[in-house]
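Dear colleague,

Please find below the structure that I am handing over to you, followed by an account of what was found in it. I would ask you to keep the model open while you read.

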Amino acid sequence: MNKIPLEDRLEIQELVARYAFFSDTAQYEKIEQVFAEDGVFNESVLGMPVTSGRAAIRDLFMQSGDTITWLIHLNCNHQISEFHGDSASGMSHLHAEGALNGDPFRILGYYADDYVRVDGRWLLKHRKLVLIAPLVGFGT
């Protein structure tokens with residue numbers, strides 16, 4: 001594993017935390033702040049479209065906000081597996097619970113992430129949700 005400067009590690013971990021906070025507090029208009037301009041968001045395992053581009057990702061979240069009653073992400077076990085100065089890759093486990101149109105759901109999995117530093121800020125370049133356990137809710 002590459003040596004990762006502590007400051008970069010902490011900034012990447014903070015990035016992951018900001019994503020969760022913006023999602024969980026329905027600040028969907030701010031979600032684009034954590035993605036690169038050409039970022040990709042992939043939660044296709046939930047039936048969502050793979051979405052590319054900061055503005056399109058924000059719009060997807062704004063539209064989803066109409067159906068999400070409440071949501072909480074619990075991320076842990078964050079690992080940064082590759083680091084190359086201005087790019088990195090990693091994963092963090094996810095336990096998410098919420099309600100979609102009032103119906104409860106639970107997601108157990110992890111985010112497989114690629115990060116990129118742009119103008120001195122770490123951003124999500126690619127975020128993909130990978131399931132570890134069967135979904136609860138979502139019509140299951």
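This is a predicted model: local features need pLDDT of at least 70, side-chain atom pairs count only at pLDDT 80 or more; totals for chains, interfaces and linings use all residues.

In which loop is N101 found? N101 sits in the loop between β4 (87-100) and β5.

Residues are numbered from 1 along each chain as its sequence is written, and side-chain values use heavy atoms, with hydrogens and water left out.

The protein as a whole

The protein has 2 helices and 6 strands, and along the sequence they follow the pattern α-β-β-α-β-β-β-β. The radius of gyration is 15 Å, close to the 14 Å that the globule rule gives for 140 residues, so the protein is as compact as a globular protein of that length. This radius is taken over C-alpha atoms, and the globule rule is 2.2 Å times the number of residues to the power 0.38. Along the principal axes, the C-alpha atoms fill a box of roughly 45 × 30 × 20 Å.

Of the 140 residues, 39% count as buried. Here buried means under 20% relative accessible area, exposed means over 50%, and partly exposed lies in between (1.4 Å probe, protein chains only). The protein exposes about 7300 Å², of which carbon and sulfur atoms supply 55%; such areas come from the Shrake-Rupley method with a 1.4 Å probe, and for residues only the protein chains shown count as cover.

Contacts (heavy atoms within 4.5 Å) can also be sorted by their distance along the sequence. Among those between residues at least 6 apart in sequence, 53% join residues at least 24 apart.

Helix α2

In helix α2, which spans residues 54-64, the residues I57, L60, F61 and S64 are buried. Seen down the axis of α2, its buried residues fall within an arc of 95°, so they line one face of the helix. The arc is that of the directions from the helix axis to the C-beta atoms. The cover over these buried residues includes α1 (6-24), β1 (35-42), β2 (51-52) and β3 (68-83).

Individual residues in loops

To return to N101, this residue counts as exposed because its relative accessibility is 57%. N101 touches T67 and T69, not counting residues up to four places away in sequence. N101 and T67 are 34 residues apart in sequence, yet their C-alpha atoms are 5.0 Å apart in space.

G85 lies in the loop between β3 and β4 and is partly exposed, with a relative accessible area of 29%. Leaving aside neighbours within four places in sequence, G85 is in contact with R117 and W122. The C-alpha atoms of G85 and P5 are separated by 9.2 Å, although the two residues are 80 residues apart along the chain.

G47 is found in the loop between β1 and β2. With a relative accessible area of 66%, G47 is exposed. The C-alpha atoms of G47 and L10 are separated by 32 Å, and these residues are 37 residues apart along the chain.

A residue in helix α1

Q13 lies in helix α1 and counts as partly exposed, at 31% relative accessibility. From C-alpha to C-alpha, Q13 and C76 are 9.8 Å apart in space, while in sequence they are 63 residues apart.

Two backbone angles

Most residues other than glycine have a negative phi. Which value does phi of N77 take? Phi of N77 is near 55°, a positive value in a residue other than glycine. N77 lies in strand β3 and counts as partly exposed, at 47% relative accessibility.

Phi of D119 is likewise positive, near 50°, in a residue other than glycine. D119 lies in the loop between β5 (103-118) and β6 (121-131), and at 79% relative accessibility it counts as exposed.

Yours sincerely

Methods:
Helices (H or I, at least four residues) and strands (E, at least two) are DSSP runs, numbered from the N terminus.
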